[in-house]
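Please keep the structure in view while reading.

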Amino acid sequence: MRHSGLPLRCWAEIDLAALERNLRLIRASLPAHIRYVAVIKADAYGHGLHQTAARLMHAGADLFAVATLSEAAAVRELGPGWPILLLSPLLPEEDRYLADYDLAATVSTAAEVARFDAVGRAAGRPIAVHLKIDTGMGRLGVWHEHAPELFRKIVASAHVKLAGVFTHFASPDDDAAFTAEQRRRFLAVLAACEGIRLSELFVHADNSSGLETMPGASPFNAVRVGLLQFGILPHPNSLLSQVHTEPVLSFRTRVGIVKTLPRGTTISYGRTHTLARETTLAVLCAGYGDGIPRAASNRAQVLIRGLRCSVLGRVTMDQTIVDVTDVAGVQCGDEAVLIGRQLGGEIFITEFSRWADTIPWETLCSVTKRVPRLYRTALGV
Ligand SMILES: *Cc1c(COP(=O)(O)O)cnc(C)c1O
């Protein structure tokens, strides 16, 4: 949604060179044999699927993981040959596109194996699948105790080819004991699958948060990285903070008007804030219609002229009101930073997400279609 030529009122800047540097840094922090599965579902976490996938191809990702068929088709259009894994289950009428687009499917059930085998038979070449093991996430995957049986079914299906085996952690950032138990269950499954040739498969468990607990010598030979490649640490105090990734996205808007109101005036819908002093406020050109969650009302801060300004009252659909009493010279048109850097200041997405009672993953998915994405494409890496 670029309104070509019109001035920007609220926009996201995406630094593709930072994305590429992040991938290289993450790679360098892992053993050399570990392959990089770039998770780019949900429009590459709001960064733009096309631009993100193209740059990660350039940077050397080994496999792309997406949620939906339309996301997979968009990546496939960038070029033949790149391995693409669908992380979500397929609807029956979607099956045939596995062959058309040359995709790998996630398999959790015997019924799926039979369906994909039929697609492979009709297409005249086998369908690649990654066997997903439920080791305690309770979502997709075959329950670990039943996994060897499903593995045998895959091996016995002539038109399905096993390309990977994986699991997903439920609490990698705050429950080390349960994560260890999930790993143990996964390794037990691998040991129980007779004839499995792990070196020929993608064997993966870790997402961004799991990376720091990944054991050195183990059959794992790939990681699935989403959030971290966008320069966001899944949680503070992460060991991963030694990997100096940079935020790829910043979220910006501009000042619409500046005015001064007397002490005692109430601000915005519901009158949830009362001015405790005579206050100069700026009305920003963005609201929840752009991706500033209403939950951030009376809590969030923005940067104007490098200084932090507090949100006053409720965030509205198109406007947000901030206190600029202590910032000299604010004018209509000034840039206000919601997430990102300005002069000496910086607002992290983790902070923004706390103000909104959510997590960075959801914050990124909440930047709306109204917000144009501006790409910095410099090749400086
Ligand atoms: C989204 C997702 C990931 C990526 O997780 P991050 O925490 O963003 O790194 C990995 N694996 C699966 C199965 C996912 O759904």
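Domain bounds, as used here, come from an automatic or database domain assignment. In this predicted model, that assignment divides the chain into domain 1 (31-231) and domain 2 (249-376), and the centres of the two, taken over C-alpha atoms, are separated by 39 Å.

**Between the domains**
- Contact between the domains involves 7 residues of domain 1 and 7 residues of domain 2.
- About 800 Å² is buried between domain 1 and domain 2, and carbon and sulfur atoms give 65% of that area.
- On the side of domain 1, Tyr45, His47 and Leu227 supply 55% of the area buried against domain 2, which is more than any other three residues supply.

**Around the ligand**
- The ligand is surrounded by 14 residues, of which Lys41, Tyr45, Ser208, Arg224 and Leu227 are the closest.
- Sorted by class, this shell consists of 6 nonpolar, 4 polar and 4 charged residues.

**Polar contacts and cover of the ligand**
- The side chain of Lys41 places an N or O atom 2.6 Å from an oxygen atom of the ligand, while Leu227 has a backbone N or O atom 2.8 Å from a ligand oxygen atom.
- Trp361 has a polar side-chain atom that lies 2.9 Å from an oxygen atom of the ligand.
- The ligand taken alone exposes 390 Å², and the protein buries 92% of that area.
- Helix H2 (41-45) and strand E10 (222-225) are the elements that give two or more residues to the shell around the ligand.

Conventions. Residues are numbered from 1 along each chain as its sequence is written. This is a predicted model: local features need pLDDT of at least 70, side-chain atom pairs count only at pLDDT 80 or more; totals for chains, interfaces and linings use all residues. Side-chain values use heavy atoms; hydrogens and water are left out. A residue is near a molecule or strand if one of its heavy atoms lies within 4 Å of it. A polar contact is a pair of N or O atoms within 3.5 Å; within protein, one must be able to donate a hydrogen and the other to accept it, and residues adjacent in sequence count only if both atoms are side-chain atoms. Accessible areas come from the Shrake-Rupley method with a 1.4 Å probe; for residues, only the protein chains shown count as cover. Helices (H or I, at least four residues) and strands (E, at least two) are DSSP runs, numbered from the N terminus. Ala, Val, Leu, Ile, Met, Phe, Trp, Tyr, Cys and Pro count as nonpolar, Asp, Glu, Lys and Arg as charged, and the others, Gly among them, as polar. Contact means heavy atoms within 4.5 Å. Buried area is the accessible area (1.4 Å probe) that two parts lose on being put together, summed over both.
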